[in-house]
Amino acid sequence: MEESRLRLQIQLLRDELNKTTTLAQRCLGRQITPLDLSNSALIGQGHSNYHNSIGKLPFLDLAEKAMNELTILVNVNNPLWIEIVGEGGGVMESLNLGEYVKLFSPCLEIKSDNNSTHYATRASGIIAANSSTILRALMDENQWSYLFQTIIGTSALIDIIQEDNGTNLKMMYAELQALSSLIPVRKVKFIRFSRQVAEGVWGMVDVSVENSHDISETNPIINCRRFPSGCIVQDMPNGGSKVTWVEHLDFEENEFNHPLGVMCCSSSFGAQRWLGSLKRQCLCLAIITSPLDRISGMVNQSRKRSMANMAHRMVVQVGETMATIRNNNPGEPTGVVLSASKSFCMPISHQSLFNFLSHKHTRDGELMEVHSPLPIMRELVRIDKNNGDHLNRVSFLVTKVLHGNNKNSVPILQETQSDGSGSLLVYAQVTLEGMQTVMEGRDSSLVEILPSGFSIIPSTKVCENDDDSCMMTVAFQLLTENSPGNMNIPRQTIEYINNLMSSRIQRIKSAIYRG
């Protein structure tokens, strides 16, 4: 019976080997001689030896080819990359697909149909962490999700293929999201590979896998392919790192249900967004662990960590911008939470809109649910995420509201993020007891918050013949009167949500037009 069981396993393994060999041959552009898979040999060696000697070889070949391609993409400039001057004079780099095809034998087949969108971008910057810290975080799926909190909706580790001798190869699944429900979530399965590429230089590369692990070309779950994408990290003398990020994708345009989504998609999944998020989160972690943050004056590390963790939870909640009905999560008020969002075009540049609204938001409560008799919000403490840049920070604000004949203090936690790929402003009212928990450096994970906010994504095409435009998404959450588990939302509640959304959008537009 044991021999029969092993023979059945061998047949299954032989089928898997045929699929992975076919994948590797297509990606490498050459024939691969299959290794011997005789019954007698495998019955003697067992399944684990097969996995160690055969099953990972096609993936290792693919990973090495992807790493070599990434290294070239990072180091070669014209004519492979085209510089494009973006909003505010910033320079973005876009891949010249014609030159790319001449230079490489691509790891994945390039589709020629008109419905497929194929683009790649490159961005470089200095990160406040050394190469080993960055690579360790990128190869850990939990830390990876934390670093890219607004980009990664869901991620999972499927398999560890190799983890020794300074190399690390894994198979993963991820859902990449934009901060708008008009842009479809990108679902991708890929292998992730990291190794040292030179003295003091490390690389991490992702590349999609096809026709393996039950992935077929007609599988409706996977709607995006990731050509070699990732980063090359070089240690700097000051303890930081120079990081060059390449993001290379293709997907089907017919998945879009609104032209605004097409206009703003390249900004949402470009290299600049990945690099900007990495830069903010690494600097935030450096500030948390530093003995003294000169900007905020907060000395206690546990206090800074508690505040940053609550802001992270707040940003992740608002990142789920699609309208959903769900039970509450830990750290939210008990009951059924109704989330709603709406995206619309604004005839103004992305950065100008964010500069105005972030200043307006901090100055008074007109755009919040706070109706303050005193149109002043005072900043108590903050954690900067970009060396004193007011566009990227976590802040505790406080204002006064009337409650009967008394003026009560209302604390508000706010986080702002902004770079060339887009902007985000998220806020939530916090009880005085909740703020005290944070300021004493205690665990803030159960402090109740129900955040709202808005995102702004620059568009690559203008709308309604304006010189500048962007897509703005307003999102908020409302605690219904339903008991937990009761998802029957009354019609009056839906109407109230619609009216509230219309009112909020109108206040934003009126504030812009009044200047």
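User: In which sense do β15 and strand β16 pair, and over how many bridges?

Analyst: Two strands pair if DSSP finds at least two bridges between them. Here β15 (residues 406-419) and β16 (residues 422-429) pair in the antiparallel sense over eight bridges. T416, for example, has L425 of β16 as its bridge partner. The two strands form a hairpin with two residues between them. Strands (E, at least two residues) and helices (H or I, at least four) are DSSP runs, numbered from the N terminus. This is a predicted model: local features need pLDDT of at least 70, and side-chain atom pairs count only at pLDDT 80 or more. Residues are numbered from 1 along each chain as its sequence is written.

User: Is strand β15 largely enclosed or open, and why?

Analyst: Buried means under 20% relative accessible area, exposed over 50%, and partly exposed in between (1.4 Å probe, protein chains only). In β15, 10 of the 14 residues are buried, so the strand is largely enclosed by the rest of the structure. In strand β16 one finds Y427, which is buried with a relative accessible area of 6%.

User: How is the packing of two helices described?

Analyst: Two packed helices are described by the angle between their axes and the distance between the axes. The axes of α10 (residues 301-319) and α12 (residues 432-439) come within 7 Å and cross at roughly 130°. Axes are lines fitted to C-alpha atoms, for helices over the stretch in contact, and angles run from 0 to 180 degrees between N-to-C directions.

User: Which residues of α10 and α12 make the contact?

Analyst: Contact means heavy atoms within 4.5 Å. R303, S306, M307 and M310 of α10 meet T437, V438 and M439 of α12.

Notes
Heavy atoms only, no water.
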